[in-house]
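Here are my notes on this model, in numbered points. Please read them with the structure open.

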Amino acid sequence: MKTYRIAVLPGDGTGPEVVVEAEKALDAAASRFGFQLDKTSYDLGGERYKKTGETLPDSVLEELRSFDAILLGAIGHPDVKPGILEKGILLRARFELDQYINLRPVRLYPGVETPIKDKGPNEIDYVVVREHTGGVYTGSGGISLKGTPNEVAVQSMVYNRHQVERCLRWAFEYARRHGRKARGVGDRNTLALVGKTNVLTYVYDLWERAFHEIGEKDYPDIHRDYYHVDACCMWMVKSPEWFDVLVTGNMFGDIITDLGAMTQGGMGLAAGGNINPEGVSMFEPIGGSAPKYTGQGIINPLAAVCAGQMMLEDLGEQEAAAAVEEGVKLVTGTKLKSMAAGQMGYSTSEVGDLVAEAVARG
Ligand code: IPM
Ligand code: MN
């Protein structure tokens, strides 16, 4: 039987509670579709840092490279100064494992309330492909004359052609396989570049030229669009149905995907994949550790379940992934009263059970 080795990083706060529920759905999918998940858990996070001062030790990083995928709960601890765990664990894993794609679906499921009036699951259904290892996240810059009135701070948006090109190519391929036409809900697959060519005339000029050159030469079947990032935010609220696959740099991708998450019903539903197409990828609910809800059994685990679903897709278990997504839709559409923590009408583990039962039943 096909066996996948999965590293599970439950992490901090409500991370462990939601990861357990994702595992239920994954296990149900594995037994129904005939594969095995061999899981190894790592205690990375705030508690370990407080005890040992370690964030992501080299030895763990080396072990992580050998897995087929990583499932992460959440990182972030109220007793640890902001930045330490994010940089030490999340960003370090991204950079060291070269997870240069961040894939974030913005998909409204049935029964989920969106703050956008008159829009439903047919209108809010697109993905953002965020470049994930470059731009301002490269960390290039510094402070001079610190503490004086002439203090200068520089943090540069750095991209090379290789970084831009590998991200764009991945996005074009994604659009070809998963765009609206490929999904049977439209007559063309569209990739839209989100940039700021009117001000960032170096960085987004590079992106824009590469986008059209690659598109014209290798992806003539994919329709190309362009939005300035500020306008994109406006259209994400006003006309989300225009979007299919969006591709953008790291910082803009970070910002627009939080906006996208709110339009799909909030952080309790939003999942992301940190993908290295040639290596090991990491899947996570993007909502954070929500420490105030820890241990109460009231947090919504569906974002973690959706992260698990993305992981199955990445592993090539398309049928299993589709079954998990159907399970989630059934639960949002016919069971939960609300998606908000404490207002679901079910506990965290009951929601996990509902999805797992739906997946097992088919
Ligand atoms: C995200 C987060 C991270 C980011 C932080 C925690 C470093 O906001 O995954 O979107 O900015 O990328
Ligand atoms: Mn973010």
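1. The chain has eleven helices and twelve strands. Both are DSSP runs numbered from the N terminus: helices are H or I with at least four residues, strands are E with at least two.

2. This is a predicted model, in which local features need pLDDT of at least 70, side-chain atom pairs count only at pLDDT 80 or more, and totals for chains, interfaces and linings use all residues. Residues are numbered from 1 along each chain as its sequence is written, chains are lettered from A and ligands numbered from 1 in the order in which they are written, and side-chain values use heavy atoms, without hydrogens and water.

3. Mean pLDDT (the predictor's confidence in each residue, from 0 to 100) is 97 for the chain, and 100% of residues reach 70 or more. Helix 4 (residues 84-96) is lowest, at a mean of 95. Strand 10 (residues 245-248) is highest, at 99.

4. The C-alpha trace spans about 55 × 55 × 45 Å along its principal axes. Of the 362 residues, 51% are buried, meaning under 20% relative accessible area (1.4 Å probe, protein chains only).

5. Oxygen atoms of ligand 1 reach side-chain N or O atoms at 2.8 Å in Arg 94, 2.8 Å in Arg 130 and 2.6 Å in Tyr 137. Taken alone, ligand 1 exposes 320 Å², and the protein buries 71% of that (Shrake-Rupley method, 1.4 Å probe).

Terms used. Polar contact = N/O pair within 3.5 Å; in protein donor to acceptor, adjacent residues only side chain to side chain. Buried < 20%, exposed > 50% of the residue type's maximum accessible area, 1.4 Å probe, protein only.
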